Amino acid sequence: MSARIEDYGLIGDLQTAALVGRDGSIDWLCLPRFDSPACFARLLGDEDSGRWRLAPAEGGLCSQRRYRGDTLVLETTWRTATGTVRVVDLMPPRAEVAAVVRIVEGVEGSVEMRSDLRLRFDYGRIAPWITRRPGSVRAVAGPDAVLLRSDVAQQVHDGDVSADVVVAAGDRVSFVLVHAVSYGSEPDEIDADVALAATAELWTSWSDRIQDETRWPDAVRRSLLLLKALTDAPTGGIVAAATTSLPELIGGERNWDYRYCWLRDASFTLEALVGSGCLEEARAWRSWLLRAVAGDPADLQIMYGLDGRRRLTEETLDWLPGYEGSAPVRLGNAASTQLQLDVWGEVL
């Protein structure tokens, strides 16, 4: 079962985002965009819906977790019986492809670490075709390809990819997962340390623009960083959330898809950003809005696609692992009798 939503940390690259649990598992990730089908969907189903866990082999929850300064570089620390280890998670600024970088750092003693990768495309529906290559593993499902490159040898068994490594004090081991189109050329390798530096610089330089004349500057800056992470750099659109299908009330049916541009939610986000001096996002969203609502103002919708598209189709995920027809579906810690991508929603 997935964790409580408040126990997840978010990393992103301004085109999509991933949720990282306190057990070291990435339980939600849509590639290559916010509104793409998820390849890790444990948040909505079970482990067969896809996830990537990187943590001590003995398991358990982390002992400490924090963001590095005013960034979306997430640091997770475990203290075990044999030593202390830290995992640094990030999504670097996007150039060629979307990527998730995970760096294991030995702090003291030695810790046996395990990486368990279970890719399931289309919200858990498709188990990819996996092949091993020197230094990497490639998973393909239709137009999507994901490559995992690492300093550690990977094993493939029954559609899962795993690796075990003992990390001692001072050791650094990296795992880099990249998305590409299956029919294109293989993307260039990403240096984990270079990606870490670029990611920290991206978020630090943006947060330096914040005007935080408030009694709670740390909380405000962290909240604004999250709101910035929900903006889509190529289009200027703003998603209401990085997730879908989580009920507004436990057991409720209002489980809309918020990975789209809901005009109400975007206006609230902009109010917070503009109030803190972040005007660039407001200008980008204004351009997005003018494109999206072009035509008769009477046809204004409550929501649009990331690129401004109007036709949004509702879909029910009755194939999601854990779904058994009329049996309850686990949504975080809540149960519901159906799991929907309600991208049309109700008229407010």
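# Strands, turns and helix contacts

Reader: In this predicted model, how many bridges hold strand S6 (residues 64–67) and S7 together?

Author: S6 and S7 pair in the antiparallel sense. Strands are DSSP runs (E, at least two residues), and helices likewise (H or I, at least four), numbered from the N terminus. Two strands pair if DSSP finds at least two bridges between them. For S6 and S7, the number of bridges is four.

Reader: Before we go on, what pLDDT do local features need?

Author: Numbering starts from 1 along each chain as its sequence is written, and side-chain values use heavy atoms, with hydrogens and water left out. As this is a predicted model, totals for chains, interfaces and linings use all residues, side-chain atom pairs count only at pLDDT 80 or more, and local features need pLDDT of at least 70.

Reader: Back to S6 and S7: which residue of their hairpin takes a positive phi?

Author: Gln64 has Thr77 in S7 as its bridge partner. The hairpin of S6 and S7 has six residues between the strands, and the one with a positive phi, near 55°, is Gly69.

Reader: And on the S8 side, which residue is the bridge partner of Thr76?

Author: S7 also forms a hairpin with S8, with three residues between them. S7 and strand S8 (residues 83–90) pair in the antiparallel sense over six bridges. In S8, the partner of Thr76 is Val87.

Reader: How many of the six residues of S7 are buried?

Author: Buried means under 20% relative accessible area, exposed over 50%, and partly exposed in between (1.4 Å probe, protein chains only). Strand S7 (residues 74–79) is largely enclosed by the rest of the structure, because the number of its buried residues is five.

Reader: What about S1, which residue in S2 stands opposite Gly9?

Author: Strand S1 (residues 9–12) is covered on both faces, with Gly9 and Ile11 buried on one side and Leu10 and Gly12 buried on the other. S1 and strand S2 (residues 17–20) run antiparallel and are joined by four bridges. Opposite Gly9 stands Val20.

Reader: Where's the cis peptide bond, and what is its omega near?

Author: Pro32 lies in the loop between strand S3 (25–30) and strand S4 (38–40). The bond from Leu31 to Pro32 is the cis one, with omega near 5°.

Reader: Let's do helices: why are H4 and H5 roughly antiparallel, and what is their crossing angle?

Author: Axes are lines fitted to C-alpha atoms, for helices over the stretch in contact, and angles run from 0 to 180 degrees between N-to-C directions. Angles under 35 degrees count as roughly parallel, over 145 as roughly antiparallel, 65 to 115 as roughly perpendicular and the rest as oblique. H4 and H5 are therefore roughly antiparallel to each other. The axes of H4 (residues 263–275) and H5 (residues 279–292) come within 8 Å, and the crossing is at roughly 155°.

Reader: Last one: what is the C-alpha separation of Ser245 and Leu43?

Author: Ser245 is found in the loop between H3 and strand S16 (261–262). Ser245 is buried, with a relative accessible area of 0%. Ser245 and Leu43 are 202 residues apart along the chain, and their C-alpha atoms are separated by 9.7 Å.
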